[in-house]
Structures are given as structure tokens and as C-alpha cells.
Amino acid sequence: LRPGEFSDCIAITRDQCCAWYQQLIKLVKNKRRTLSIRHMTTVLPRITPALIAKRCVRREVLERGSEEEIANEVLNVTRIRLDREQLTEIDGLDCLNDATHLYLRFNRIRRIENLDLLLNLRFLALAGNQIKKLEGLKQLTKLEVLDVSENQIADFDSHELPASLFVLDMRTNPCTELADYEERVLARLPKLRVFDGMDVVEEGEDTDSDEQGPVEQADAAG
């Protein structure tokens, strides 16, 4: 099975998914005897179980654990950190239903896609990619923090933004120059508390700025 074949997850059990991961993790265990971490990154430009294991699994498990132990760690990971991996697409995450935080900053991703099954996602960081359109997000009804700053979004459909968002960062996108940009976002997101690095306050309220950025604050709180 390939990652893209998990789209109809109703017909796929967790055991089948785990078996697929075990096969690939076994390859990783064999490769790690001869390949350096740098080399592995070069030969695995996509999101794969091997890459997730290398970045997200505890070192002691990766070095001494069985294939089953590594597979279980991958399947149960909640924070997926895949920044700066030269990735060009979002794929291969279908079985990671427990994930709450996904970091894909500073890659070469062009589309927001294949997140349909990550329904527990609360934090999504996609800053510094090549994204041109807001899409593939509205089904993420638990999403609280979204960072799509430093991309190429020229216009957007506000209905693609989950109404559950507390923090949104779209700075350094062409769409921020639109005359009705702020109005459209605020009308769509009644729960929004931090917008493009600034606190969203009711009339008459006053807030003090923090040294730590809003996305980092939300990450720490999560």
C-alpha cells in the first residue's frame, strides 16, 4: 500500500495500517546501519514512516527497539516535526490520527492537502513554503492555531478557515494587501484572539505585548 491509498480509511483497519508501517520501519532499521542521517534525508524527500521515525521517535527506541515498538511510536505520535526537509507535498500522514501538532515550516510545499483524517489537529505550522491557496482546512474543526505566513497566497476564501481558530498568522502573503483582508478574516473567525501577531481586542480593551511570538506561545500552551 502507498500513502495515497489510505484515503478511504473506513475500509482500512489500524492493524493493516500498522503492518504497512512495520514493513517500512524494518527497511529503516536495515538502512541505519549503513546510511548517515544526512544521507537518509536526501533519499527520502517525501513524508514517509522512515522520516517520521527519524524526526519524531525517541532515539533509544529508534536505536534499540523492535520493528513493532518503532511502528507503535510512529502511529501514536502527537507532535510531528518535519520542518526544513525540502518536502514538496503533504502526504503519508493518513494513519496518524492522534496527531495534534504538525510542523511543516520552511519546506517547498505548494498545496495544503491530505489532512482530511487528522481530525484531532490543533496546531498547524506551514510558514515559509510556496502555498498559493487556502484549501483543505475547513474539515479540521479542532484546529486552534494556523501559521501560513511567508507563503504566496494572493487571495483566499475565508470559509476555508476553520471557525475554531484562536490564532492565525498570514503575514508576508500578498493577500494581506487586500482592502477587505482584515474584515473578511474577523467576520469568519469569531473566536480569534491573535491575528497576524497582534491581539484581537474588543473596543475599550487594552493589552500588553509579549516578547514571545503568538504562535510560539500557543505551541507552548498546547
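A salt bridge is a side-chain nitrogen of Lys or Arg within 4 Å of a carboxyl oxygen of Asp or Glu. These legends go with a predicted model, where local features need pLDDT of at least 70, side-chain atom pairs count only at pLDDT 80 or more, and totals for chains, interfaces and linings use all residues. Residues are numbered from 1 along each chain as its sequence is written, and side-chain values use heavy atoms, with hydrogens and water left out.

**View 1. R105 and D83 join up in a salt bridge.** Here the N to O distance is 3.4 Å. R105 sits in the loop between β2 and β3 (123-125), while D83 sits in the loop between β1 and β2, so this pair links distant parts of the chain, 22 residues apart. Strands (E, at least two residues) and helices (H or I, at least four) are DSSP runs, numbered from the N terminus. Are these two partners buried or exposed? R105 is buried, at 18% relative accessible area, and D83 is buried too, at 14%. For the cut-offs, buried means under 20% relative accessible area, exposed means over 50%, and partly exposed is in between (1.4 Å probe, protein chains only).

View 2. E85 belongs to the loop between β1 (79-81) and β2 (101-103) and K54 to helix α3 (residues 49-56), so the pair ties together parts that are 31 residues apart in sequence. Both E85 and K54 are buried.

**View 3. R58 meets E60, and R46 has a network.** The side chains of R58 and E60 form a salt bridge at 3.9 Å, N to O. R58 counts as partly exposed at 45% relative accessibility, and E60 counts as partly exposed at 39%. Look also for R46, E89 and D91, which are linked in a network of salt bridges. How many salt bridges does the count come to? The count is 15.

**View 4. Seven strands line up in an open sheet.** The 7 strands run in the order β1-β2-β3-β4-β5-β6-β7, with mixed pairing. Two strands pair if DSSP finds at least two bridges between them. The edge strands, β1 and β7 (198-199), each pair on one side only. β2 and β3 pair in the parallel sense over 3 bridges, and H101 stands opposite F123 in β3.

View 5. R122, in the loop between β2 and β3, is partly exposed at 27% relative accessibility. P190, in the loop between α6 (181-188) and β6 (194-195), is exposed, with a relative accessible area of 61%.

**View 6. L93 is part of the largest nonpolar core.** A nonpolar core is a set of buried Ala, Val, Leu, Ile, Met, Phe, Trp, Tyr and Cys residues joined through side-chain atoms within 4.5 Å. Of the 45 residues in this core, L93 and L168 touch the most other members. α3, α4 (59-64), α5 (67-75) and α6 each supply at least two residues of this core, and α3 gives the most, with 3 residues.
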